[in-house]
Amino acid sequence: MTSYIPSDADAALFGNRFATAEVPSATFPDTGMSSVDAMRLVGEDIALEGDPARNLATFVTTWMEPAAQRIIAENLHRNFIDHAEYPRTAEIEQRCIRMLADLFHAPGETTGARTQGSSEAIMLGALSLKWNWRTRQQAAGRPTTAPNLVFGGDVHVVWEKFCRYFDVEPRIVPLAPGKYTIGPDDVAPHVDENTIGVAAVLGTTFTGHMDDIVGINDLLVRLKKERSLDVPLHVDGASGGFVWPFLYPDSSWDFRLEQVRSINVSGHKFGLVYPGIGWLIFRETSDLAPDLVFEENYLGKTDATFTLNFSTGSSMVLAQYYNLVRYGRAGYTYIMKNMQENARVLADKLEAMGRFEIIGRGDEQLPLVAFRLAGEENFDEFDIAWQLSAERGWMVPAYTLPPDAQDVTIMRALVKETMSREHVDTLARDIEEACATLARKGGAHPSERAKIVTGPGH
Ligand SMILES: Cc1ncc(COP(=O)(O)O)c(C=O)c1O
């Protein structure tokens, strides 16, 4: 059969060129196309992706209210860094910083920064730890050549990235089967006068639990008193910073603890804003190393910047402020409790199937369910992840834990704001059916398993 090439006039009248033509993909296009063609081309590509509402791997926001979406759409043309031109946007950033410092119980005046996400916030926070350590060492006449940073294997990859990019020795406390967070006894042997800080996680990427932050703080307070070692504690609250204040307001992990000097939180996770916003909050103004702040004359105004990037959008800062004032403590508490309740129901249903062990039930945790097969089956967690996405389009990741728990495989389902009780009931049924199919046919084919996403998501 000869190929059918529609006329340009027909394509323009009834459809678009890419109904039959191959998409531009390798070379810079010689000619352009109409805006409608370009829009449909992008839309058709995106239609092939997974549905964000069934993406239970990501911690990142997949839904915002229509009013917030309007703020975002109406402010995409506003470059956040142009503080001279957009002083109200800059003021709104400062309001968010003050509100978060208040939420985290900062004792007085403080400072912080809007960032692209927790990764940038962690890079900046850890740089400040390094700079402050160097100043302390120089003042004491000690060498500044071998800085180290102590954290557990339960951290996000960004902490190792920081160490590699900025030449700091990572002192990583390994996990163990059944032990997926760290505490003071793990940290103590690694701390010395070259330790720029200890990083502890509030809501790990792997199981959603917290390190023993109170215990680590007590250890560092003791080291300060007994050995004059003043080692700061940074809390990575990428996910937990917007969960603990509302679900566990009496649990101390923040600036209520003496050695906690800085905290990062992702606005685009449980801050409920679309991707592209994180926050770094210092306990006191003096915790930000002054050398890291650049005073510059830009477009006629002197401005102080503390950031790894420069130009970026204002929309997500404005959307964060919208959420903070729209929800307040009462609204965030309502949303977090709903998610926690649905996570409880999902965990109950998984437990009732008799096949699964729930990880760390009853402990303070992000609103998620981390689970694994309890006994011997003729399939494993990776097979379930595959079957569930093939049958129903749910994205529930399966992954192995970091060393020395690398032989433990778990699955994790985030229960987010948009996950209704009906979704939970359906997901539980779909997991049960996926297991029944696998029990009949055995595990997925190796070629299917090769396609499974095995990371924990973020
Ligand atoms: C504990 C933790 N820290 C840091 C990050 C990195 O955060 P972001 O994606 O906001 O850069 C994540 C992301 O999942 C995380 O879970």
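**Charges over rings.** I began with Arg78, whose charged end sits over the ring of Tyr86, 5.2 Å from its centre; I count a charge as sitting over a ring if NZ of Lys or CZ of Arg is within 6 Å of the ring centre and within 35 degrees of the ring normal. I then looked up Arg114, and its charged end sits over the ring of Phe80, 5.3 Å from the ring centre.

**Basis.** I am working from a predicted model, in which local features need pLDDT of at least 70 and side-chain atom pairs count only at pLDDT 80 or more, while totals for chains, interfaces and linings use all residues. Residues are numbered from 1 along each chain as its sequence is written, and side-chain values use heavy atoms, with hydrogens and water left out.

**Aromatic pairs.** I searched the whole structure and found eleven aromatic pairs, where rings of Phe, Tyr and Trp (its six-membered ring) pair if their centres lie within 6.5 Å, and planes under 30 degrees apart count as stacked, over 60 as edge-to-face and the rest as tilted. Trp244 and Tyr248 make a tilted pair, because their ring centres are 5.3 Å apart and their planes lie at 50°. I note Trp244 as buried at 0% relative accessibility (buried means under 20% relative accessible area, exposed over 50%, partly exposed in between, with a 1.4 Å probe and protein chains only), and Tyr248 is buried as well, at 15%. Tyr327 and Tyr332 pair edge-to-face, with 5.5 Å from centre to centre and 75° between the planes. Tyr327 is buried with a relative accessible area of 13%, and Tyr332 is buried with 2%.

**Helix H6.** I next took up H6, residues 158-165, whose buried residues are Val158, Trp159, Phe162 and Cys163; helices (H or I, at least four residues) and strands (E, at least two) are DSSP runs, numbered from the N terminus. Down the axis of H6 these buried residues fall within an arc of 145°, so they line one face of the helix, the arc being that of the directions from the helix axis to the C-beta atoms. Arg164 and Tyr165 are exposed on the other side of H6. The cover over the buried residues includes helix H5 (118-139) and strands E2 (148-152), E3 (169-173), E4 (195-201) and E5 (233-236). Asp167, which follows H6, has a positive phi, near 55°.

**Asp430.** Leaving aside neighbours within four places in sequence, Asp430 is in contact (heavy atoms within 4.5 Å) with Leu388, Arg392 and Trp394.
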